[in-house]
Amino acid sequence: MLSPTEKTFDKSFCTSLAPHETVQFGVVIKSPCTNRSSKFFSLVKISLSEEDVMSQLLDDDKDSLLVLSEAEIVTPKLECSKELIHDRTGLKIIPLVVKCDSPIQRLRVPFKNGGSKDLELTLSVLRYPVADESSEVESLAVCRCLPNAVKIPSGSVNFISICVSQITKETEGRREQKVLVAKVKDTLMMYSYILDCSFIP
């Protein structure tokens with residue numbers, strides 16, 4: 001496969017083809033970016049070990065054939081009915097209400113797959129970045145996704161379970177923000193949401 005950006009061959013393999021035999025090849029093309037909506041093209045080079053009738057189609061190189069492949073990116077669409085959009089930053093915020101009457105709580109957040117392909121997500125919850133990296137801010141509670149992987153079929157809604165633990169009475173009336181990261185399996189695409197946790201009695 002010829003990379004559309006580096007113009008170099010990424011992978012190659014050898015196979016044999018008997019006379020009058022037909023073989024189907026699957027070509028996997030990596031997009032040069034994740035947010036491209038238009039079509040793009042790549043060149044696949046097929047080298048021949050011996051000259052045959054195919055060589056008549058080749059101009060410059062008599063023992064190889066260049067095949068132009070066309071591809072289009074299908075961007076997955078993950079939507080949350082509870083999300084709010086921050087006016088200035090454009091960040092997606094999911095407000096969560098956590099009761100302090102129990103040390104552990106499970107909160108279910110609905111997510112919809114608005115794309116045409118099934119989504120397999122790997123989930124993690126991170127601490128929200130602190131302005132001063134040298135300062136140590138104690139977390140009010142621990143948040144994690146259980147399970148940490150979920151599959152959402154195309155056009156369907158599934159719930160992500162967020163477990164909040166180590167809740168104490170001292171957290172009443174306070175707020176804390178976390179970052180929910182959902183990574184699409186076998187891709188470099190990730191979705192991020194700010195979890196705005198409000199602790200109430």
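Visitor: In what order do the four strands of the open sheet lie?

Guide: This is a predicted model, in which local features need pLDDT of at least 70 and side-chain atom pairs count only at pLDDT 80 or more, whereas totals for chains, interfaces and linings use all residues. Residues are numbered from 1 along each chain as its sequence is written, and side-chain values use heavy atoms, with hydrogens and water left out. Strands here are DSSP runs (E, at least two residues) numbered from the N terminus, and two of them pair if DSSP finds at least two bridges between them. The pairing in this open sheet is antiparallel, and the order is β3-β6-β10-β8.

Visitor: Which residue of β10 is the bridge partner of R144?

Guide: The edge strand β8 covers 142–145 and pairs on one side only. Four bridges join β8 to the antiparallel strand β10, residues 157–165, and in β10 the partner of R144 is C163.

Visitor: Is C80 buried or exposed?

Guide: C80 has its place in strand β3, and it touches I94, V109, P110 and F111 (heavy atoms within 4.5 Å), not counting residues up to four places away in sequence. Buried means under 20% relative accessible area and exposed over 50%, with partly exposed in between, for a 1.4 Å probe and protein chains only. Because its relative accessible area is 6%, C80 is buried.

Visitor: What relative accessibility does D196 have?

Guide: D196 lies in strand β12, residues 190–200, and touches, among others, I93, L96 and R175, not counting residues up to four places away in sequence. D196 counts as buried, because its relative accessibility is 10%.
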